[in-house]
Amino acid sequence: MTAVSEAETKVPLKRRLKQAERARQLKAMALVLPLLLFLLFTFAGPIAGMLWRAVDDREVRQVLPQTITALANWDGKDLPDETAYAALASDLQAARAAGTIAVAAKRLNYALNGFRTILTGTARNLKSLPEPGTAKETLVKINRAWRDRTTWTTIRDAGGPVTGFYLLAALDLVRNADGAIVAAAPDQAIYREIFARTFLISLGVTALCLILGFPVAYLLAALPPGRSNLLMIFVLLPFWTSLLVRTCAWIVLLQSKGVVNDSLHWLGIIDEPLRLIYNRFGVCVAMTHVLLPFMILPLYSSMKAISPAYMRAAASLGAPPLTAFLRIYLPQTLPGIGAGSLLVFILALGYYITPALVGGAADQMISYFIALYTTETANWGLASALGAVLLLATVLLALVYGKLVQGQQVTGGMKN
Amino acid sequence: MSDSPSLRTPSQRIAWTTTILVSILVFIFLIAPILAIMPLSFSSGSYLTYPLPGLSLRWYGDFFNSPRWMNSLKNSMIIGVASTALSMVLGTLAALGLAQWKSRFKPLVLAFVLSPVVVPGVITAVGLYFFFAPIGLTGSYLGLILAHTALATPFVVITVGATLQSFDTNLARAAASLGASPLEAFRRVILPLILPGIASGALFAFATSFDEVVIVLFMAGPEQRTLPREMFSGIRENISPTITAAAVILTTVSVILLATLEGLRRRNERLKGGG
């Protein structure tokens, strides 16, 4: 009897607890939801939109719809037939009336240098719709490029609605007239070098930060808390100082009539001012200055966690100091080294402001070109494709970073 | 030398001395540039070199009498305060939710919430530029406030989350058992306890917005230029001592923020030590 009644009261209680827990979980989700929706609108949506622009290719299709349809069945081996020429002539007439030639011309010019002239020139000289059957003859007469197979494959390949053109271009690749992926022409193949430069500068800055940051973190971790807190100000003050202020400070220090050159001249060490800024040296110095705290802080917290007992144990077991340091201390700082280096490297990859202000033309990193193509030349497809490559690299490295710190720093210890 | 870990051999002493010397050089490297430009802002001459020809406040006068600089200071304040307020609300709510939420998707959600910190500024800026232009949010305060809030909120989530981790959930239960409504329990028990976390999150959020320049470069019209944006143009064109005055003002704001944060941290530690 008692067993039955106990079971009767137990089940509802269990269910009630479960219900209460479910309500709690729903409430918890409801609290996170506003931020998720907000970030969807102000962050994820915009980035997804940018990624879409990297493959979106509808300009030519909108301006030359009949031509794209006519070329759909073209085998691409020989010149297209009369219908394609007639469709193009009709499209050009319509586009000229609508004033949209420039849109298609701009896109086609990305794929084939000089296409802008071909398209606008042809549209301008095409006084009226050619008689049926004479479209090919008329167009070729206006511009001999229409006898070229590449002209037509370029239009076909830009027919969208999606394309790999910009992503390939971001990696210095193009599709040739036969659709095979080949290396881009040397004068257009600049992005691999820019990616390599971005990578190299980031790597150099990371190495500098590690070399400079390690002894400082070691010192801060070894000193008693009172003193290390005081010295920590030297790390935290630059950390909190505006990036613009720090960049400005380096220009004032390093420019040809700057503080460093003046002092060296005054001391009689140099006669001519050294070139310390608007070159690679200036970029590396300023970026190292900005990113050094991001190295010191994770290194410091990993070193702080190492018990001094290990080193004492190593010493008491007869290890010479250097051996103890290399084999006992250093391995324990590896997670900190990894976290700090990855963090600095990730942040360095996306740097824009500092190289833009203290670098020369040959020191600009990938972000500079993304900005340039967005605001100056309005080649949004290429800007987005370069952005997509940078984003991919950042996300991959951030995933490694997340694994490395195992939710300790990156989540603020919120992982249960 | 008495601070050192254990210095028994000469080689250890040399290593320790080297560490100290290198560290001093690095500290100089970190702090000297910031200190070096400060006196220049008080120069009476217009060249940015030492020795100063004389002292004057003319560049500060320039700064405070220039409509361009004053407008940018005002804009930085408006955008900074508004995005801080918005990120405090969104971030605190989310941190409270995340602390209670148990799901295998939680790490994913957390990674998403924190990702604005990691994604390069140019990518966020370009995305926002494309996304906000058609709906009229470029060249507007609202657009900049929304964008800065997205960048700043992760810091609030992190700091409030860290405070919640040391938060004793029994306190909330005790409040409930004593008859407090959930809202009352939040207002009178939870909020006072996590307030230091919210405050440090707010400081981080404000600093993030106050220092941000990439998004402003892409999205601000001439009316919304902020102080860092104005400095960016100034550095590009020609560095006048007025910029060093602006730099000193910006640094002063940073020092105030840092000192407040440090004060909060000390207070928190004292409370923890006392309790």
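Trainee: Which residues of helix 8 of chain A are buried?

Mentor: They are Thr151(A), Trp152(A), Thr153(A), Thr154(A), Ile155(A), Arg156(A) and Asp157(A).

Trainee: Take Ala145(A). Where is its place in chain A?

Mentor: Ala145(A) is in the loop between helix 7 (135-142) and helix 8 of chain A.

Trainee: Why does Ala145(A) count as buried?

Mentor: The cut-off is 20 or more other C-beta atoms inside 10 Å. Ala145(A) has 20 such neighbours, so it counts as buried.

Trainee: Which residues does Ala145(A) touch, not counting those up to four places away in sequence?

Mentor: Ile118(A) and Thr151(A). Thr151(A) is one of the buried residues of helix 8 of chain A.

Trainee: Now helix 12 (residues 243-254) of chain A. How do you know that its length agrees with what a helix should span?

Mentor: The rule is 1.5 Å times one less than the number of residues. For the 12 residues here, that gives 16 Å; the end C-alpha atoms are 16 Å apart, so the two values agree.

Trainee: What makes helix 12 of chain A mostly covered?

Mentor: The count of buried residues: 12 of 12. Among them are Arg246(A), Thr247(A), Cys248(A) and Trp250(A).

Trainee: Which residues have the most contacts inside the largest nonpolar core?

Mentor: Cys248(A) and Leu291(A), in a core of 164 residues. Helix 14 (residues 280-304) of chain A gives the largest share of this core, 14 residues.

Trainee: What is Leu291(A) in contact with, leaving aside its neighbours within four places in sequence?

Mentor: Val205(A), Cys209(A), Val344(A), Leu347(A) and Ala348(A). Contact here requires C-beta atoms within 7 Å.

Trainee: Turn to chain B. How many helices and strands are there in chain B?

Mentor: There are 11 helices and zero strands.

Trainee: Why is chain B called more spread out than a compact globule?

Mentor: Set the value against the rule. The globule rule gives 19 Å for 275 residues; the radius of gyration of chain B is 23 Å, well over that, so the chain is more spread out than a compact globule. Its C-alpha atoms fill a box of roughly 70 × 70 × 30 Å along the principal axes.

Trainee: What radius of gyration does chain A have?

Mentor: Chain A has 31 Å, but a compact globule of 416 residues would be near 22 Å. The C-alpha trace of chain A spans about 100 × 100 × 40 Å. Its secondary structure comes to 19 helices and two strands.

Trainee: What share of the residues in chain A is buried?

Mentor: Of the 416 residues in chain A, 42% are buried. For the 275 residues in chain B, the figure is 45%.

Trainee: How many residues of chain B are in contact with chain A?

Mentor: 84 residues of chain B are in contact with 80 residues of chain A. Helix 1 (residues 10-40) of chain B supplies the largest share of the chain B side, 16 residues. By class, that side has 59 nonpolar, 21 polar and four charged residues.

Trainee: What does the model score for ipTM and pTM?

Mentor: ipTM is 0.90 and pTM is 0.89. The mean pLDDT is 88 for chain A, and 89 for chain B.

Trainee: Where in chain A does pLDDT stay under 50?

Mentor: Over residues 409-416 of chain A, for which the model has 21 contacts beyond four places in sequence. Where pLDDT is low, the predicted coordinates should not be read in detail.

Key: Residues numbered from 1 in each chain as written. Chains lettered and ligands numbered in written order. Predicted model: local features only at pLDDT ≥ 70, side-chain atom pairs only at ≥ 80, totals over all residues. Helix = DSSP H or I, 4+ residues; strand = E, 2+ residues; numbered from the N terminus. Rg over C-alpha atoms; globule rule 2.2 N^0.38 Å. Contact = placed C-beta atoms within 7 Å. Nonpolar A, V, L, I, M, F, W, Y, C, P; charged D, E, K, R; others polar. Core = buried A, V, L, I, M, F, W, Y, C linked by C-beta atoms within 7 Å. pLDDT = per-residue confidence, 0-100.
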